[in-house]
Amino acid sequence: MKVTEHLKYAKGTLLSYEILPPLKGRNIQSIYDHLDPLMEFKPSWINVTYHRSETFLRAKGDGNFEKIVTRKRPGTVGICSAIMNHYKTDAVPHLICGGFSKGETEEALIDLNFLGINNVLALRGDAAKGETMFMPHKDGHRYAVELVKQVVDLNRGKYLDTEIRDGEHTDFCIGVAGYPERHFECATLETDLQHLKAKVEMGAEYIMTQMFFDNQKYFDFVETCRSMGITVPIIPGLKPLTKKKQLTTIPKIFNLQLPEALAREMKNAADDAAVEQIGIEWLVQQCRELKAYGVPVLHFYTLGKPSVIRRVVEQIF
Ligand code: FAD
């Protein structure tokens, strides 16, 4: 089922998760081990991230190095298919522009269509390691809005090398990313929201947000979006803090502010277990307030922490 259909038929707040493909070399069992403890809460769908290739220097043993360009976490399409078959739960693959040509993207979309996967979260991706700013693939897209257009075209039966063909089209439900605290490259939130609006006008049917730790930022974001005529559902993305070092890494990586009260409590925590407990309690409070506000879905970034997510979700669902 499409994300939009889940939302349409929902009888209350829905639950969804995001996972990462395992590092290359691991097998699908590592995905099942990650998800098994979380499945009893009946997520409506599971997002699977997409990753660009990275460049490494490998010692050749003779004092020289060779350049290796490879993806550390491939497998998004296959993992989505495995999730759908194993758990009978919908999967939402992410697709990114960075590192991929339009032709490669079209092939990924055709594969997804063959596998009966009709959801996609369309993203730009970040700059490659070693680059200071995002550089598009020479035959690829510069912004997510162009990727949204490619998917919309395919839904109309327009492949890269053809005009519209009757009867031969995909049927993807398209989501895009939104940033309650502004995307870090954009000078103002207002301009960033104009770009978000362009993605929706191009055909995106819902917005999935970057994580935030202050619900007011989400409420303000929704209100501003609505005032600008962005009417699609806005799904909050959520994550628990579990380590003191995240007090500096998370704001930097994700361009967000941590509420002072949360930062203070975590700084004063006696040990790792206390830090984790504070992170869990904070997120539970966030979820309760968001649920009361009437959000359509609570979407959890599970990263490497299924046991912590479980301790949150069991208090909410
Ligand atoms: P865009 O919408 O293209 O925006 C990027 C920047 O360009 C913004 O500052 C925007 O304001 C600006 N912009 C947009 N259009 C224009 C225009 N026409 N002219 C000038 N400026 C413009 N990354 C991954 O690599 N893999 C993933 O699986 C992944 N999943 C994610 C899931 C979610 C829910 C979120 C929030 C992020 C995810 N990311 C992922 C990270 C994402 O790729 C980065 O945040 C990236 O830097 C921006 O992606 P975007 O789709 O928002 O880009």
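1. Two strands are said to pair if DSSP finds at least two bridges between them. Helices (H or I, at least four residues) and strands (E, at least two) are DSSP runs, numbered from the N terminus. In this sense strand 9 (234–238) and strand 10 (297–301) run parallel and are joined by two bridges, and Leu-238 has Phe-300 of strand 10 as its bridge partner.

2. The model is a predicted one: local features require a pLDDT of at least 70, side-chain atom pairs count only at pLDDT 80 or more, and totals for chains, interfaces and linings use all residues. Residue numbers start from 1 along each chain as its sequence is written.

3. The fold contains a barrel, closed by eight strands in the order 1-2-5-6-7-8-9-10 with parallel pairing. From one strand to the next, the twist averages 30°; axes here are lines fitted to C-alpha atoms, for helices over the stretch in contact, and angles run from 0 to 180 degrees between N-to-C directions.

4. Strand 1 (14–19) pairs in the parallel sense with strand 10 over five bridges and with strand 2 (residues 45–48) over four. Leu-15 has Leu-298 of strand 10 as its bridge partner. Glu-18 stands opposite Tyr-301 in strand 10 and also opposite Asn-47 in strand 2.

5. Burial is assigned by counting: a residue is buried if 20 or more other C-beta atoms lie within 10 Å of its own, exposed if 12 or fewer, and partly exposed in between, with C-beta atoms placed from the backbone. Strand 1 is largely enclosed by the rest of the structure, because five of its six residues are buried. Strand 10 is mostly covered, with four of its five residues buried.

6. Met-208 is located in strand 8 and counts as buried because it has 24 C-beta neighbours inside 10 Å. Contact here requires two C-beta atoms, placed from the backbone, to lie within 7 Å. Leaving aside residues up to four places away in sequence, Met-208 touches Leu-121, Gly-175, Ala-177, Ile-235, Gly-237 and His-299. Gly-175 is 33 residues from Met-208 along the chain, and their C-alpha atoms are separated by 6.9 Å.

7. Helix 11 (residues 306–313) has Val-308, Ile-309, Val-312 and Val-313 buried. These residues are on the same side of helix 11 because they cover an arc of only 135° around the axis, the arc being that of the directions from the helix axis to the C-beta atoms. The buried residues of helix 11 pack against strand 1, helix 10 (272–293) and strand 10. Helix 10 itself lies across strand 9 and strand 10, at about 170° to strand 9.

8. The ligand has 22 residues around it, of which Thr-49, His-94, Arg-124, Ala-144 and Ala-177 come nearest. Two or more residues of this shell come from each of strand 5 (90–96), helix 5 (144–155), helix 6 (189–202) and strand 8 (206–211). A residue is near a molecule or strand if its C-beta atom, placed from the backbone, lies within 6 Å of it. Helix 6 gives the most to the shell, with three residues.

9. By class, the shell around the ligand comprises nine nonpolar, eight polar and five charged residues. Ala, Val, Leu, Ile, Met, Phe, Trp, Tyr, Cys and Pro count as nonpolar, Asp, Glu, Lys and Arg as charged, and the others, Gly among them, as polar.

10. Two backbone angles deserve a check. Most residues other than glycine have a negative phi. Arg-182, in the loop between strand 7 and helix 6, has a positive phi near 80°; Arg-182 counts as partly exposed because it has 19 C-beta neighbours inside 10 Å. Asn-255 has a positive phi near 50° and lies in the loop between helix 8 (246–254) and helix 9 (260–267). With 15 other C-beta atoms within 10 Å, Asn-255 is partly exposed.
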